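Here are my notes on the model you sent over. Have it open while you read.

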Amino acid sequence: MEKSTNTSKPVQPDSDSGSKPATAKKRKQPAECFLTRPEEKEEHTVKVKRRRKKKMSDILAKSSPKPGVPEDLQKLLNQHFSTNRSVIELEELKLPDSCFLPSNDLTHSFSSYLKEICPKWAKLRKNHKEKSSVLMLIICSSALRCLELIKSLTAFKGDCRVIKLFAKHIKIKEQLNMLENRVIHLGVGTPGRIKALVKQDGLSLNSLKYLILDWNWRDQKLRRMIDIPEIRREAIDLLEMGIIKLCREDSVKLGLF
């Protein structure tokens with residue numbers, strides 16, 4: 001048998017394929033562009049002081065005290081009622097000049113002021129026999145102020161009976177019982193409690209001759225009675241409950257201490 005002389009010859013590469021296989025050209029990555037920021041200078045932060053809101057006490061502390069006058073009360077009533085009352089109704093709420101007593105000029109003690117505006121007090125209190133009523137009402141802003149004024153009444157009141165008409169530590173039932181069972185000449189209290197007693201018919205205004213508003217006194221925050229919204233509203237309500245009418249009829253006199 002003849003041996004096959006065909007030996008496997010290596011396949012010769014084509015002339016074109018003699019070069020090395022082409023490698024993909026690498027694309028040049030775009031160079032990153034960094035924007036250089038200008039060097040920031042350190043800023044010295046200055047703290048701005050906030051303006052403190054002015055309080056009423058700050059304003060009042062700088063203003064010199066002025067004694068109250070009848071025009072101040074008239075203005076207060078007009079401001080309070082002007083938004084919900086007609087012109088005719090406002091006219092009916094106007095206090096006549098004749099009902100006002102001389103105002104305190106800030107030189108009087110409380111007793112000396114009452115002696116000046118009510119020189120016939122001794123005779124007046126002797127003739128007073130009606131229960132559930134008083135001859136004089138003194139309206140203050142707080143129970144503590146009421147107690148201060150009661151202590152300063154010694155030189156004026158004589159042997160008349162005084163009743164405390166405020167809510168602190170005193171129940172309204174106790175005050176109603178005292179008014180019903182005793183003849184009392186003078187009441188010192190806050191407008192809220194006095195108003196409540198009048199509403200419950202425990203305190204009659206028929207015998208009332210004098211109403212004194214503790215107008216000029218200021219508390220620790222330098223607020224007057226009329227500067228405290230709640231007290232101001234209660235005082236105006238009390239005046240509207242019958243006192244303004246009595247003033248227009250010349251039965252009650254008003255004083256600003």
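1. The sheet is an open one of five strands, in the order β2-β3-β1-β4-β5, with parallel pairing. Strands here are DSSP runs (E, at least two residues; helices are H or I, at least four), numbered from the N terminus, and two strands pair if DSSP finds at least two bridges between them. β2 (162-165) and β5 (253-256) sit at the edges with a single partner strand each, so one side of each has no neighbour in the sheet. On average, neighbouring strands are turned by 20° against each other, direction ignored (axes are lines fitted to C-alpha atoms, and angles run from 0 to 180 degrees between N-to-C directions).

2. Remember that this is a predicted model: local features need pLDDT of at least 70, side-chain atom pairs count only at pLDDT 80 or more, and totals for chains, interfaces and linings use all residues. Residues are numbered from 1 along each chain as its sequence is written, and side-chain values use heavy atoms, with hydrogens and water left out.

3. Look inside the sheet next. β1 (residues 136-139) and β4 (residues 210-213) pair in the parallel sense over four bridges, and Met136 stands opposite Tyr210 in β4.

4. Is Lys245 buried or exposed? Lys245 is exposed, because its relative accessible area is 57% (buried means under 20%, exposed over 50%, partly exposed in between; 1.4 Å probe, protein chains only). Lys245 belongs to helix α10 (residues 229-248). The C-alpha atoms of Lys245 and Leu95 are separated by 8.7 Å, though the two are 150 residues apart along the chain.
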